[in-house]
Amino acid sequence: MYALVDRPVESLCNGGRLLLWAMRGWALAIERGCCPARALHRGFAGVGALAALPDVHVAFALFVSGSRTRLAFAPMGCARIGEVEAVLLRLWSDAASGGTDTARATLGLLVDEASVAPALAAIDAAASQLAAAGFDLSHLTTPSPNLSGPST
């Protein structure tokens, strides 16, 4: 998680950028009183990932409705990954890479107990649909010589 905080959005792989855009867009739609699924529809359809949208929407709704704390997202155009965004990106990556126990533990810190299992089920389903559309979330970042530290 900390490896992602305050990193440039461009350092994310395509799946990570899509997920970050979806988080920010979902939160913005709620803020504006719009239906988040409708607000994200065109973007998901445009990249061939529309099948993942219902589960993404359910996961985000459970994050908000069962949240133990207020989740704050950066504005759409922000070039850096925020702390909450980094936590959620890592959560999705853990779930997508088979780290179900880690994802469940993270969810237990974020949402009430009743929301953990359905949120994890929605994340798993969405991650599978996103992978089928070519958006692998198991590795969120792309290698970058500028950001990876000294070479050995």
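**Contacts, burial and packing in a predicted model**

Reader: Which residues does W92 touch, not counting residues up to four places away in sequence?

Author: W92 touches L19, V56, A59, F60, F63, I123, A126, A127 and L137. The model is a predicted one, and a touch here is a pair of heavy atoms within 4.5 Å. W92 itself lies in helix α4.

Reader: What makes A52 count as buried or exposed, and where does it lie?

Author: A52 lies in the loop between α2 and α3. Its relative accessibility is 1%, and the limit for buried is under 20%, so A52 counts as buried. Leaving out residues up to four places away in sequence, A52 touches F44, A126, Q129 and L130.

Reader: Which residues have the most contacts inside the largest nonpolar core?

Author: They are F44, F60, F63, W92 and L107, in a core of 43 residues. Each of α1, α2, α3, α4, α5 and α6 supplies at least two residues of this core. The largest share, 8 residues, comes from α6. In soluble globular proteins, nonpolar side chains tend to be buried together.

Reader: How do you know which way the buried residues of α5 face?

Author: The buried residues of helix α5 (residues 100-110) are A103, L107 and L110. Seen down the axis of α5, they fall within an arc of 55 degrees, so they line one face of the helix. On the other side of α5, D101 and L109 are exposed. The buried residues pack against α3 (53-65), α4 (83-96) and α6 (113-132).

Reader: What describes the packing of α1 and α2?

Author: Two packed helices are described by the angle between their axes and the distance between the axes. For helix α1 (residues 14-32) and helix α2 (residues 36-46), the angle is about 150 degrees and the axes are 8 Å apart. Their crossing is right-handed. From α1 the contact takes L18, W21, A22, G25, W26, A29 and I30, and from α2 it takes P36, A39, L40, G43 and F44.

Reader: How many nonpolar, polar and charged residues does the contact of α1 with α2 have?

Author: It has 10 nonpolar, 2 polar and no charged residues. Gly counts as polar in this scheme, and the contact includes G25 of α1 and G43 of α2.

Reader: What makes D6 partly exposed?

Author: D6 has a relative accessible area of 49%, so it is partly exposed. D6 is also found in the segment before α1. D6 has a positive phi of about 65 degrees although it is not a glycine.

Notes:
Residues numbered from 1 in each chain as written. Predicted model: local features only at pLDDT ≥ 70, side-chain atom pairs only at ≥ 80, totals over all residues. Heavy atoms only, no water. Axes fitted to C-alpha atoms, helices over the stretch in contact; angles between N-to-C directions. Helix = DSSP H or I, 4+ residues; strand = E, 2+ residues; numbered from the N terminus. Left-handed = near helix turned anticlockwise from the far one by under 90°. Buried < 20%, exposed > 50% of the residue type's maximum accessible area, 1.4 Å probe, protein only. Arc of directions from axis to C-beta. Core = buried A, V, L, I, M, F, W, Y, C linked by side-chain atoms within 4.5 Å.
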